[in-house]
Amino acid sequence: MKLTLIYFDLPVWRAEVPKISLFMSDIPFDNRIISFEEFHRVRETGRLDDGTSIPFHQLPCLVANGTSIVQTGAIARFCGKLSGLYPVNDIFTAAAIDQFIDLATDITELLFSMGRDVSDDIKKLKREQLIDGELGKKLAVLESNICSDGTWTTSNQLSIADIAIWRLMGWLSSGSLEGIPTDILLGFPKINRVCSNVEAEEKVKEWINLTYPKSYERGNFFKS
Ligand SMILES: N[C@@H](CCC(=O)N[C@@H](CS)C(=O)NCC(=O)O)C(=O)O
């Protein structure tokens with residue numbers, strides 16, 4: 001199958017989940033990076049400059065054998081099925097994984113919504129308030145729902161949920177989100193366990209070496 005993943009030059013979980021899933025299973029794909037300048041046009045037209053369709057005018061987008069697929073969860077599941085990191089025939093495990101992908105989406109949206117259309121000072125203040133508020137609650141929910149016995153989020157098997165949690169938490173604790181301290185994950189041992197285990201995977205290390213800036217330290221290069 002010919003696969004192209006389209007995103008910015010940023011290792012955000014939305015795009016990293018499908019990319020790392022494919023990479024871990026040695027499934028080749030074209031890692032297509034687009035500029036923010038081109039993305040402004042995509043938002044208007046729903047197309048890349050070369051005509052590639054971006055159906056909902058949002059990224060990431062996966063093009064699979066000429067078909068454009070959008071929405072982070074849909075892309076994650078598609079690539080997870082191809083790579084064996086999401087079940088094809090086990091609806092309970094699939095639902096368990098979906099819950100975490102959707103929680104990652106909720107947390108991402110919560111953080112971005114605080115920064116929309118406000119000054120940097122207000123954004124920082126609102127994010128600080130989140131720590132004892134909605135964000136703190138969501139992290140506690142995440143922590144309490146990660147399985148207690150085992151290596152990964154839902155079971156003893158690595159899935160797209162683990163990659164999503166690792167990358168999202170890396171961004172959250174990177175120090176690049178104004179108002180969110182780097183020690184925000186202190187006191188969440190299960191979240192830390194999942195993140196450390198993902199980062200210890202040989203293929204993940206290889207991916208980091210190949211594609212992340214040399215200064216990489218759990219996502220310390222974001223600015224948002
Ligand atoms: N619901 C979408 C949201 C994706 C999203 O917000 N992507 C950002 C870039 S990271 C974007 O395209 N923003 C522009 C917009 O929403 O108009 C998904 O889950 O993939």
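Residues are numbered from 1 along each chain as its sequence is written, and side-chain values use heavy atoms, with hydrogens and water left out. Because the model is predicted, local features need pLDDT of at least 70 and side-chain atom pairs count only at pLDDT 80 or more, while totals for chains, interfaces and linings use all residues.

**Stop one: the ligand**

Now show the polar contacts (pairs of N or O atoms within 3.5 Å). The side chain of Gln58 places an N or O atom 2.8 Å from a ligand oxygen. At Leu59, a backbone N or O atom is 2.7 Å from a ligand nitrogen. Thr72 has a polar side-chain atom 2.7 Å from a ligand oxygen. On its own the ligand has 500 Å² of accessible area, and the protein covers 73% of that (Shrake-Rupley method, 1.4 Å probe).

**Stop two: the loop at Pro60**

Stay with Leu59. Its peptide bond to Pro60 is cis, with omega near 10 degrees. Pro60 sits in the loop between α2 (36–45) and β3 (61–64). Helices (H or I, at least four residues) and strands (E, at least two) are DSSP runs, numbered from the N terminus.

**Stop three: Asp26**

Go to the loop between α1 (13–24) and β2 (30–33), where Asp26 is found. Asp26 is not a glycine, yet has a positive phi of about 55 degrees. Most residues other than glycine have a negative phi, and most peptide bonds are trans.

**Stop four: two helices**

Finish with α4 (residues 91–115) and α6 (residues 134–145). Their axes lie 11 Å apart, at an angle of about 165 degrees (lines fitted to C-alpha atoms over the stretch in contact, with angles from 0 to 180 degrees between N-to-C directions). So α4 is roughly antiparallel to α6 (over 145 degrees).

Notes
Polar contact = N/O pair within 3.5 Å; in protein donor to acceptor, adjacent residues only side chain to side chain. Parallel < 35°, antiparallel > 145°, perpendicular 65-115°, else oblique.
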